Amino acid sequence: MNNFVSTLHCDIGKLDIYASNIGVTAVQFNTETQGFPENEITKEACLQLTAYFAKEINKFDLPLDMKGTDFEKNVWDYLLTIPYGTTTNYGTIAKSVSTVKAVRAIGRANGKNPIPIIVPCHRVIGSDHSLVGFALGLDVKLRLLNLENPDGFGKQMVLDL
């Protein structure tokens, strides 16, 4: 349950970071946050996101409280292994967490990731190296990819584990 929230105004807009007593539960754009108090987890998430956008850190160290199916959690755990400044594709994830036939299911699980940026679903691109779906918008996805790799999205290394 999202019992706590902090709001961060950053380069990509207003982000609301939700948490339970256990960990971060969601990162969303422009939600109604009145009446929700902050906690240490949401405050720390704001500090780390600020450092990320300032290029001072490239990995988050936050407790997470993700709710989803076992399959979704496996996909989200895989997303956490994608290194900063790299990308991968749905087919590669499918080979790692399931079967090649599960590419669409991987895409759906990636799209349901409740904690974008911190759980870096923006690092997943199409097999043809195109930008594909992102809950915060493709313009934000491109900005995040270019933040992580100043040489630009087109020059990013594609991770093929």
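1. Contact here means heavy atoms within 4.5 Å. By that rule, Tyr90, Gly91, Ile93, Ala94 and Val97 of H3 meet Val103, Ile106, Gly107 and Asn110 of H4. Helices (H or I, at least four residues) and strands (E, at least two) are DSSP runs, numbered from the N terminus.

2. A word on the basis. This is a predicted model: local features need pLDDT of at least 70, side-chain atom pairs count only at pLDDT 80 or more, and totals for chains, interfaces and linings use all residues. Residues are numbered from 1 along each chain as its sequence is written, and side-chain values use heavy atoms, with hydrogens and water left out.

3. Overall layout. The protein chain has 5 helices and 6 strands. From the N terminus, their order is β-β-β-α-α-β-α-α-β-α-β. Of the 161 residues, 50% are buried (under 20% relative accessible area; exposed is over 50%, partly exposed in between; 1.4 Å probe, protein chains only). Take contacts between residues at least 6 apart in sequence: 54% of them join residues at least 24 apart.

4. The core. The largest nonpolar core has 39 residues. Such a core is a set of buried Ala, Val, Leu, Ile, Met, Phe, Trp, Tyr and Cys residues joined through side-chain atoms within 4.5 Å. Ile17, Phe53 and Ile117 have the most contacts inside it. Elements giving two or more residues to this core include strands E1 (4-10), E2 (13-19) and E3 (24-29), and helices H1 (40-53) and H5 (138-148). H1 gives the most, with 6 residues.

5. Ile17 in detail. Set aside its neighbours within four places in sequence. Ile17 is then in contact with Phe4, Val5, Ser6, Leu8, Val24, Ala26, Val27, Thr42, Ala45, Cys46 and Leu49.

6. Aromatic pairs. The whole structure holds 4 of them. Rings of Phe, Tyr and Trp (its six-membered ring) pair if their centres lie within 6.5 Å; planes under 30 degrees apart count as stacked, over 60 as edge-to-face and the rest as tilted. Tyr18 and Phe36 have ring centres 5.9 Å apart and planes at 90°, so they are edge-to-face. This pair links distant parts of the chain: Tyr18 lies in strand E2 and Phe36 in the loop between E3 and H1, 18 residues apart. Tyr18 is buried at 5% relative accessibility, whereas Phe36 is partly exposed at 36%.

7. A second pair. The ring centres of Tyr52 and Phe53 are 5.2 Å apart and their planes stand at 75°, so this pair is edge-to-face. Tyr52 is buried, with a relative accessible area of 0%. Phe53 is buried at 12%. Tyr52 and Phe53 form one aromatic cluster with Phe60 and Tyr84.

8. H2 against H4. The two helices pack at about 75°, with axes 9 Å apart. Axes are lines fitted to C-alpha atoms, for helices over the stretch in contact; angles run from 0 to 180 degrees between N-to-C directions. H2 is therefore roughly perpendicular to H4 (65 to 115 degrees; under 35 is roughly parallel, over 145 roughly antiparallel, the rest oblique). H2 supplies Phe71, Glu72, Val75, Trp76 and Leu79, and H4 supplies Ala105, Ile106, Ala109 and Asn110.

9. H3 against H4. The angle is about 100°, with the axes 9 Å apart. H3 is therefore roughly perpendicular to H4.
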